[in-house]
Amino acid sequence: MYKQQNSDVISFYAISPVHAGSGSSTGVVDLPIQRERHTNWPHIQASGVKGAMRAHFEKFSNSIADVKDSKQQEEITNKIFGAENFEGDILPGAISVSDAKLLAFPMRSNAYPFVWITSPAVLKRALRDLEMVNLAAHDKIQSVDGTDALALAGGITGDVLLEDYEVTVSAEIELPESLKKLLSGADKLLLVSDEVFNYGVSNCTEVQTQIKIDQKTGTATDGALRYEELLPADSILYSVLMYGNTRDTSEMPAESLIQYLKNEVITTHIQMGGDETLGRGMFKIQWVKEA
């Protein structure tokens with residue numbers, strides 16, 4: 001069973017564009033990214049986050065030269081993430097991973113090359129998640145309406161263009177202490193209205209064209225043109241992770257489990273989403289709780 005104290009939050013800073021795909025579409029974009037049903041905000045589904053963590057563990061196992069140590073690492077991976085057939089039985093995993101939720105979105109701006117935007121609804125939800133795991137204490141988020149905006153970092157003032165949308169920054173306020181670590185990578189951050197945030201994440205994601213070249217003619221193959229949507233580099237997301245003792249007979253304690261995960265395996269970077277061979281989906285990670 002998962003306990004409130006056996007938990008952590010991990011932030012993901014996108015170093016490269018990310019394609020966590022939702023399948024094919026008949027719309028303008030052939031390969032859209034995953035989005036939440038009720039908000040339409042981009043996210044990475046929990047299965048993708050957990051799968052990426054498992055793949056990271058397996059690569060770590062493969063890098064161990066000693067066969068005995070490598071086998072032991074493989075068993076630990078199964079204990080943490082579960083196994084379909086472990087000693088003849090199905091072994092449930094010892095961790096629970098949430099969707100990676102969007103916290104700050106980068107947008108082209110006239111004030112700087114780009115600024116990050118977030119909104120009251122986004123921050124309130126993040127605070128609820130942090131309260132669930134005892135990392136926040138009922139902090140309040142100031143409301144913002146229409147084209148008004150508040151600076152959360154970077155000393156931004158006056159009128160600021162966000163792509164084709166203009167907002168007016170009236171003041172700078174301080175982020176709740178519990179959110180500072182999650183947003184430490186956003187040094188030019190605006191709190192905009194939920195309406196402006198929706199405009200940004202719905203209309204300002206990256207769309208790239210992909211074609212296939214016919215090696216005989218050197219021209220594009222007929223029918224191979226497609227448009228792929230990407231979450232831009234510099235996007236910031238977070239995920240809540242809860243954990244318990246492993247569920248095999250050894251019952252590795254939960255605390256040992258998370259310390260091993262944070263200190264030995266998933267320490268600085270992770271790859272999530274598709275197109276890994278194109279360098280996409282690379283994230284710098286940060287654990288909120290100190291190791």
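The largest nonpolar core of this predicted model holds 81 residues. Within this core, Phe12, Leu162 and Leu190 touch the most other members. Strand 14 (residues 236–243) contributes the most to the core, with 7 residues. Phe12 has contacts along the chain from Ser235 to Ser239, namely Ser235, Ile236, Leu237, Tyr238 and Ser239. Further partners of Phe12 include Val49, Ala100, Ile270 and Met272, as well as Phe283, Lys284 and Ile285.

Helix 5 spans residues 194–203. Its buried residues are Val196, Phe197, Tyr199, Gly200 and Val201. These buried residues pack against several strands: strand 6 (100–108), strand 7 (114–118), strand 9 (158–162), strand 10 (165–172) and strand 11 (189–192). They also pack against helix 3 (120–132).

Helix 2 covers residues 67–81. At 1.5 Å a residue, its 15 residues should span 21 Å. The end C-alpha atoms of helix 2 are 21 Å apart, which agrees with that expectation. Ser70, Gln73 and Ile76 are buried in helix 2, as are Thr77, Asn78, Lys79, Ile80 and Phe81. Gly82 follows just after the helix and takes a positive phi of about 95°.

On the surface, Val207, Ile211, Ile213, Leu225 and Tyr227 form a nonpolar patch. Together these residues have about 430 Å² of accessible area. Ile213 lies in the loop between strand 12 (206–210) and strand 13 (226–230). Its relative accessible area is 38%, so Ile213 is classed as partly exposed. That class lies between the limits of 20% for buried and 50% for exposed.

Notes. Residues are numbered from 1 along each chain as its sequence is written. This is a predicted model: local features need pLDDT of at least 70, side-chain atom pairs count only at pLDDT 80 or more; totals for chains, interfaces and linings use all residues. Side-chain values use heavy atoms; hydrogens and water are left out. Helices (H or I, at least four residues) and strands (E, at least two) are DSSP runs, numbered from the N terminus. The expected span of a helix is 1.5 Å times one less than its number of residues. Buried means under 20% relative accessible area, exposed over 50%, partly exposed in between (1.4 Å probe, protein chains only). Patches are made of residues with over 30% relative accessible area and no salt bridge: like charges are joined within 9 Å, nonpolar side chains (Val, Leu, Ile, Met, Phe, Trp, Tyr) within 5 Å. Accessible areas come from the Shrake-Rupley method with a 1.4 Å probe; for residues, only the protein chains shown count as cover. A salt bridge is a side-chain nitrogen of Lys or Arg within 4 Å of a carboxyl oxygen of Asp or Glu. Contact means heavy atoms within 4.5 Å. A nonpolar core is a set of buried Ala, Val, Leu, Ile, Met, Phe, Trp, Tyr and Cys residues joined through side-chain atoms within 4.5 Å. Lists of a residue's contacts leave out its neighbours within four places in sequence.
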